[in-house]
Amino acid sequence: SQALTTCAACLAIKVGVIHLLTTRERLFSGNFAQKQDEKHWLGSLLPIVLGIVEGTSMGGTVFVERSERLAKNCAENEPFFLAVATMVGLTPGAPVAMGTTLIQTFMAARIGHTISMLMGEKLNTAFRTVNYVVGVVAMGAMGGIGLQSYSSN
């Protein structure tokens, strides 16, 4: 469905941006994932180029840790939702309108969660928590629809 394709594309772009921001911050802060990266010639050139183009650091090591937790959270939630939503979409008789609403809700919640996580302490943690819980509820509801649709066929 169009909603599922849009959701998958948005989530893929979002996680790509998270990885790029993490890499950018690693370069600025010198917090490299691998020790040998510190000696690579790009390790000294890229921060200068990125600094000219993109400005200053976004929080150093704290931002890197936060964005790594965020990427892990995305990997722990989003593929499973997309898999279940795809299976529900392929099941004859599945409620399309409800599935579409759940897909849109999940996508909005994940984007809200990402924004709040990237902003860190600048945004109240309640906003992040609400978005996370809404996403988990949408995932659970989609799973319930999947089980119900499967058992009725």
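pLDDT is the predictor's confidence in each residue, on a scale from 0 to 100. The structure is a predicted model, in which local features need pLDDT of at least 70, side-chain atom pairs count only at pLDDT 80 or more, and totals for chains, interfaces and linings use all residues. Residues are numbered from 1 along each chain as its sequence is written, and side-chain values use heavy atoms, with hydrogens and water left out. The protein chain has a mean pLDDT of 85, and 85% of its residues reach 70 or more. Confidence is lowest in helix H2 (residues 41-54), with a mean of 57, and highest in H4, with 94. Where pLDDT is low, the predicted coordinates should not be read in detail.

Helices and strands are DSSP runs numbered from the N terminus (helices: H or I, at least four residues; strands: E, at least two). The protein chain holds five helices and zero strands. From the N terminus, its elements run α-α-α-α-α. The accessible surface (Shrake-Rupley method, 1.4 Å probe; for residues, only the protein chains shown count as cover) comes to about 9000 Å². Carbon and sulfur atoms contribute 67% of that surface. Buried residues are those under 20% relative accessible area; exposed residues are over 50%, and partly exposed ones lie in between (1.4 Å probe, protein chains only). Of the 153 residues in the protein chain, 34% are buried.

A nonpolar core is a set of buried Ala, Val, Leu, Ile, Met, Phe, Trp, Tyr and Cys residues joined through side-chain atoms within 4.5 Å. The largest such core has 16 residues. Cys7, Phe81, Leu82, Ala85, Ile103, Phe106 and Met142 touch the most other members. Helices H1 (2-29), H3 (61-90), H4 (96-119) and H5 (125-152) each give two or more residues to this core. Beyond its neighbours within four places in sequence, Phe81 contacts Leu102, Ile103, Phe106, Ala138, Met139 and Met142. A second, separate core has five residues, including Ile18, Leu70, Cys74 and Met117.

Both cores contain cysteine. Cys7 is buried at 0% relative accessibility, and Cys74 is buried at 2%. No disulfide (a pair of cysteine sulfur atoms within 2.5 Å) is found in the whole structure. For Cys7, the closest cysteine sulfur is that of Cys10, 7.3 Å away and too far for a bond.

Helix H4 has 24 residues. Its first and last C-alpha atoms are 35 Å apart, close to the expected 34 Å at 1.5 Å a residue; the expected span is 1.5 Å times one less than the number of residues. Among the buried residues of H4 are Gly99, Leu102, Ile103, Phe106, Arg110, His113 and Met117. The buried residues of this helix pack against H1, H3 and H5. Thr101 also lies in H4, but is partly exposed at 42% relative accessibility. Thr101 and Ala3 are 98 residues apart in sequence, yet their C-alpha atoms are 8.6 Å apart. Just after H4, Gly120 takes a positive phi of about 65°.

Asn131 lies in helix H5. Asn131 is buried, at 11% relative accessibility. Not counting residues up to four places away in sequence, Asn131 touches Ala108, Ala109, Gly112 and His113.

Methods. Contact = heavy atoms within 4.5 Å.
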